[in-house]
Amino acid sequence: MPRSVWKGPFVDGYLLNKAEVSRASGRNEIIKIWSRRSTILPQFVGLTFGVYNGKKFIPVQVTENMVGHKFGEFSPTRTFNGHSADKKAKRG
């Protein structure tokens, strides 16, 4: 079930602070974040975030199309190596 509209989008507080500091400095550095549950806001457009997937930080360049989505959607946590049945079919 989606979040109530009257509550607004969820964003961790430290994330807003990091984004403001990065914008003020003017440097386009990767902002490392662990908050995959946070919603992408319009203030984040143009910034690059390193979203942690449990093993490493995946760089995510935020665009206008991403606003309203969660950071975790752009940093997959599982690697797909193919189906085991595919190998048998290719060999034959």
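W34, Y52 and F57 make up one aromatic cluster. This is a predicted model, in which local features need pLDDT of at least 70 and side-chain atom pairs count only at pLDDT 80 or more, while totals for chains, interfaces and linings use all residues. Residues are numbered from 1 along each chain as its sequence is written, and side-chain values use heavy atoms, with hydrogens and water left out.

Aromatic pairs, then. Rings of Phe, Tyr and Trp (for Trp, its six-membered ring) pair if their centres lie within 6.5 Å; planes under 30 degrees apart count as stacked, over 60 as edge-to-face, and the rest as tilted. By that rule there are six aromatic pairs. W34 and Y52 are a tilted pair, because their ring centres are 6.4 Å apart and their planes are at 45°. W34 sits in the loop between strand 1 and strand 2, and Y52 in strand 2, so the pair ties together parts that are 18 residues apart in sequence. Helices (H or I, at least four residues) and strands (E, at least two) are DSSP runs, numbered from the N terminus.

On accessibility: buried means under 20% relative accessible area, exposed over 50%, and partly exposed in between, with a 1.4 Å probe and protein chains only. W34 counts as exposed at 51%, and Y52 is partly exposed at 25%. Another pair, F44 and F49, is edge-to-face, at 5.3 Å centre to centre and 70° between the planes. Both F44 and F49 are buried.

That takes us to the core. A nonpolar core is a set of buried Ala, Val, Leu, Ile, Met, Phe, Trp, Tyr and Cys residues joined through side-chain atoms within 4.5 Å. The largest one has 15 residues, and those with the most contacts inside it are L15, I33, F44, F49, V62 and F71. Helix 1, strand 1 and strand 2 are the elements that give two or more residues to this core. What is F71 in contact with, leaving aside its neighbours within four places in sequence? Its partners include L15, I33, F44, F49, V51 and V62, and also S35, R36 and S38. Contact here means heavy atoms within 4.5 Å.

Next, charges. A salt bridge is a side-chain nitrogen of Lys or Arg within 4 Å of a carboxyl oxygen of Asp or Glu, and the count comes to two. One joins R37 and D12, at 3.3 Å from N to O. This pair links distant parts of the chain, 25 residues apart: R37 is in the loop between strand 1 (30-33) and strand 2 (48-52), and D12 is in the segment before helix 1 (13-25). R37 is exposed at 55%, whereas D12 is buried at 14%. R27 and E29 form a salt bridge at 2.9 Å, N to O. There R27 is exposed at 53%, and E29 is partly exposed at 46%.

Last, N53. Its place is in the loop between strand 2 and strand 3 (57-61). Is N53 buried or exposed? At 15% relative accessibility, N53 counts as buried. A polar atom of the N53 side chain lies 3.0 Å from the backbone nitrogen of K56, and the N53 side chain reaches the backbone oxygen of P76 at 3.2 Å. Leaving aside neighbours within four places in sequence, N53 is in contact with R36, I58, S75, P76 and T77.

That's the tour; questions are welcome.

Terms used: A polar contact is a pair of N or O atoms within 3.5 Å; within protein, one must be able to donate a hydrogen and the other to accept it, and residues adjacent in sequence count only if both atoms are side-chain atoms.
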